[in-house]
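Open the model in your viewer and keep the selection panel at hand.

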Amino acid sequence: MKTTLDRSRRQTDFSRIWTYITLAGTCAGLLILSANIFNPYSYWLDELFSINASSREWKELYRLIMDDVHPPIYQILLKFWIIAFGADEVATRLLSWTFSAATLYLAFKATKKHGELFATCVLLIIASNGYFAFYGNEVRSYSMLMFCSTLILFTTPTEKSRSISNIFLLSCLLASWVHYFGLLIAAATLLYCLIFMAEGAQARIKVMSTGLAMIIWPLHHITNGSVIGKSGGDFWIESGGFIDTMRFASSAVIPKDLPYSGFIFICLMLCLFFGLLYISAQKNSNHMPSTKLGIQAFAVWAGLILIVGLIDRHTPMSTGRNFIVTVPFFAVSVASVVKGISTTHLRGSMALMVFLTVCCAFLLTKSFEEVFRKSQSAEDWRGATQVALENSSGRDFYVVEWGGGITDHYVRKFSSDEQVVNIYKVGKTKIIRPAVIMFARLPKKTVDSFLIDMNDVNALRIFPKENSKDGGRVGVYTVN
């Protein structure tokens with residue numbers, strides 16, 4: 001009896017300490033997410049596309065979306081956000097910050113019914129994930145995508161049912177219109193639901209109808225847009241098949257600069273697989289809803305990687321950031337194993353929790369480094385535009401246009417409406433002296449030609465300086 005009481009007391013004491021640690025880690029993740037949100041550092045290329053598109057009239061926004069490779073919902077939401085709060089860096093990044101914070105809140109609300117240990121594990125893993133803070137500070141759809149995948153995960157039925165939740169079906173539809181990886185995670189979850197959870201014709205019809213509704217936009221995009229022209233490897237994304245898919249998938253849970261990250265990721269997946277098998281075979285844990293949720297999360301996570309790997313063999317679509325959809329699925333898989341083991345092996349679960357705490361502390365430091373590095377922008381479009389405009393008095397102003405009017409935002413922001421901007425075409429445009437030339441993100445094949453052009457007219461680079469750490473990805477020359 002005494003041994004049992006001592007064991008129970010030790011478990012209670014450790015659980016209390018663990019709760020304090022995980023709450024501290026979660027708060028640290030929120031602080032990292034918020035550290036630079038009120039710092040108006042420069043947008044970079046992809047953010048400028050988002051801002052440029054959502055600042056246009058509806059007809060032009062539609063044209064730009066059709067020429068892009070993403071579904072429309074984020075850009076439409078961003079347009080309304082800009083109308084309400086403006087297009088400056090702080091206001092627009094707050095939209096993504098809101099989705100990251102909402103992801104944590106949603107995870108907390110959905111997991112607390114599974115117990116304190118499970119809930120705190122999930123919160124700590126999500127909050128310490130590098131993508132959580134990084135994309136919570138960026139004007140792109142990835143933070144919203146993570147929120148949608150979290151909503152899908154926690155509204156998916158975990159028991160066979162004749163009644164499939166409308167919120168679950170709507171969350172699948174929403175995710176599919178935010179990003180094409182949202183479409184894939186929704187499709188993988190619907191397939192799992194159709195095979196294992198939907199019972200009766202009505203439930204199956206609802207699931208299949210949602211799947212059909214999800215492909216309406218992709219069909220329209222393929223038929224009327226330019227997305228099909230960027231498939232088959234005719235795009236900047238490069239993936240050599242399943243090995244590259246695994247490498248990209250690993251970067252969503254393991255820092256990509258960590259040595260042997262791919263090998264660690266495969267070992268991690270195997271450990272989770274066997275861990276879930278083990279707890280599902282134990283009397284104390286196999287009946288728990290958290291175990292069923294963990295098995296479901298792992299199955300969808302692994303299924304998504306398999307689907308993407310098959311697609312990558314035909315047309316590369318993987319990048320590390322796309323796998324942000326898997327972060328909540330990974331978190332739930334880990335939390336399920338930790339909780340399951342805690343029911344039979346207290347010491348084993350304590351060791352697991354200590355190891356998890358150390359790993360998450362390391363991930364929090366990496367997350368802070370990435371967010372800080374992000375704010376020290378290597379693509380200072382804002383600074384370059386300001387310097388160019390300051391030196392444009394009495395000079396012709398040239399911009400080496402990246403495409404789609406990307407430079408327009410800062411030129412409009414820092415200049416009068418009368419500012420004339422000339423498009424500079426590398427190797428073709430004849431410069432009228434005196435002049436100021438702004439360049440940004442030159443394609444590799446044009447860098448040498450551009451430098452020859454600048455050398456021929458004795459141009460002086462005034463931004464950034466020659467020893468700048470950004471390597472001159474965005475800069476300004478003057479010609480007298």
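Select α8 and α9: α8 passes α9 in a left-handed crossing (the near helix is turned anticlockwise from the far one by less than a right angle; clockwise would be right-handed). α8 covers residues 142-155 and α9 residues 166-178. Helices here are DSSP runs of H or I with at least four residues, strands are runs of E with at least two, and both are numbered from the N terminus. The model is predicted: local features need pLDDT of at least 70, side-chain atom pairs count only at pLDDT 80 or more, and totals for chains, interfaces and linings use all residues. Residues are numbered from 1 along each chain as its sequence is written, and side-chain values use heavy atoms, with hydrogens and water left out.

Stay on this pair. The packing angle is about 155°, and the axes lie 9 Å apart. Axes are lines fitted to C-alpha atoms, for helices over the stretch in contact, and angles run from 0 to 180 degrees between N-to-C directions. That angle makes α8 roughly antiparallel to α9 (under 35 degrees is roughly parallel, over 145 roughly antiparallel, 65 to 115 roughly perpendicular, the rest oblique).

Now show side chains. From α8, pick M144, L145, C148, L151, I152 and T155; they meet I167, F168, S171, C172, L174, A175 and V178 of α9. Contact means heavy atoms within 4.5 Å. Colour by class: 11 are nonpolar, 2 polar and none charged. Nonpolar covers Ala, Val, Leu, Ile, Met, Phe, Trp, Tyr, Cys and Pro; charged covers Asp, Glu, Lys and Arg; the others, Gly among them, are polar.

Next, select residues 261-280 (α14) and 327-342 (α16). They pack at about 45°, axes 9 Å apart. That makes α14 oblique to α16. Their crossing is left-handed. On α14, highlight L268, L272, G275, L276 and I279; on α16, F330, S333, V334, S336, V337, G340 and I341. This contact has 8 nonpolar, 4 polar and no charged residues.

Go to T22, in helix α1 (residues 2-34). Is T22 buried or exposed? Its relative accessibility is 0%, so T22 counts as buried (under 20% relative accessible area; exposed is over 50%, partly exposed in between, with a 1.4 Å probe and protein chains only). Beyond neighbours within four places in sequence, T22 touches T120 and L124.

Finally, zoom out. The chain has 20 helices and 5 strands. Of its 480 residues, 52% are buried.
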